[in-house]
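Have a look at the sequence and the model, then read on.

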Amino acid sequence: MPLRPVRYATDRPLGLTKKVTVSYSTRIYILGPDDTLYRLASATFSRMVDDPKSHRLERFAGQRVRMAEVIVEVRDRAPYAVVRLVYEMLGFDAEGRLDGDTFIRRNTALAELAIDPAVPRMVEAEKTVVAAGSRFIARGGFWHPSAALEREILRAALDETPCKRL
């Protein structure tokens, strides 16, 4: 079966004639060591971050695993296009609890990096000093998939291929 090209949100046709209901959905995938994709409900992931002791994934106990977060444009209740794609690493302790502190620290560092260029500097001396701590923290939690693996993640996000659920 030939693969259909993946649509991105910028590929929309102009001048839609009928009213279309558009929303966005966050889809989270955890990859096993053999590249098996497991879909994790966003609500479950939020609970894992908020209360790791009560929400464990024993399958990944003691492992550092890859995660893909995909934001999908949904039109008339069907996935239509990928809007955003982020690859991160997640750590789990020996009992399958998410290392939420590292996850939050990494995302805080990312927010700092995004905000930093927008904050005007008042002191000329500040321009010569580079605070790279946030860069190192943020960079430590990312990975890059092969082209084939990224296609599989995109196809799963658009419901074009079945995916196991956690």
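What follows is a quick briefing, sorted by topic.

This is a predicted model, where local features need pLDDT of at least 70 and side-chain atom pairs count only at pLDDT 80 or more, while totals for chains, interfaces and linings use all residues. Residues are numbered from 1 along each chain as its sequence is written, and side-chain values use heavy atoms, with hydrogens and water left out.

**The chain as a whole**

- You'll find 4 helices and 5 strands in the chain; these are DSSP runs numbered from the N terminus, with helices being H or I of at least four residues and strands being E of at least two.
- Reading along the sequence gives the pattern β-β-α-β-β-α-α-α-β.
- The chain has 166 residues, and 34% of them count as buried (buried is under 20% relative accessible area, exposed is over 50%, and partly exposed is in between, with a 1.4 Å probe and protein chains only).
- Take the contacts between residues at least 6 apart in sequence: 72% of them join residues at least 24 apart (a contact means heavy atoms within 4.5 Å).

**The sheet**

- The 5 strands form an open sheet with mixed pairing, in the order β4-β3-β1-β2-β5 (two strands pair if DSSP finds at least two bridges between them).
- Its edge strands are β4 and β5 (164-165), each of which pairs on one side only.
- β1 and β2 run antiparallel to each other, paired over 4 bridges, and Leu31 has Leu37 in β2 as its bridge partner.
- These two strands make a hairpin with 5 residues between them, and Asp35 in the turn has a positive phi of about 70°.
- β1 also pairs with β3 in the antiparallel sense, over 10 bridges; Ser25 stands opposite Val72 in β3.

**Helices on the sheet**

- Helix α1 (residues 42-50) packs on the sheet and touches β1, β2, β3 and β4, its direction making about 80° with that of β2 (axes are lines fitted to C-alpha atoms, for helices over the stretch in contact, and angles run from 0 to 180 degrees between N-to-C directions).
- α4 packs on the sheet too, touching β1, β2, β3 and β4, and its direction makes about 125° with that of β4.
- Leu149, Ile153, Leu154, Arg155, Ala156 and Ala157 are the buried residues of α4.
- After α4 comes Asp159, with a positive phi near 60°.

**The nonpolar cores**

- The largest nonpolar core has 17 residues, and those touching the most other members are Tyr29, Leu31, Leu37, Val70, Val72, Trp143 and Ile153 (such a core is a set of buried Ala, Val, Leu, Ile, Met, Phe, Trp, Tyr and Cys residues joined through side-chain atoms within 4.5 Å).
- Two or more of its residues come from each of β1 (22-31), β3 (64-75), β4 (78-91) and α4 (147-157), and α4 gives the largest share, 5 residues.
- Setting aside neighbours within four places in sequence, Ile153 is in contact with Leu31, Leu37, Ala68, Val70, Leu85, Tyr87 and Trp143.
- Apart from this core lies another, of 15 residues, including Tyr38, Leu40, Met48 and Val65.

**Aromatic pairs**

- The structure holds 4 aromatic pairs (rings of Phe, Tyr and Trp, with its six-membered ring, pair if their centres lie within 6.5 Å; planes under 30 degrees apart count as stacked, over 60 as edge-to-face and the rest as tilted).
- One of them is edge-to-face: Tyr38 and Phe60 sit 5.9 Å centre to centre, with 75° between the planes.
- That pair links distant parts of the chain, with Tyr38 in strand β2 and Phe60 in the loop between α1 and β3, 22 residues apart.
- Both Tyr38 and Phe60 are buried, and ring pairs join Tyr38, Phe60 and Phe92 into a cluster.

**A buried glutamate**

- Glu88 sits in strand β4 and counts as buried because its relative accessibility is 4%.
- Between Glu88 and Glu69 there are 7.9 Å in space, C-alpha to C-alpha, and the two are 19 residues apart in sequence.
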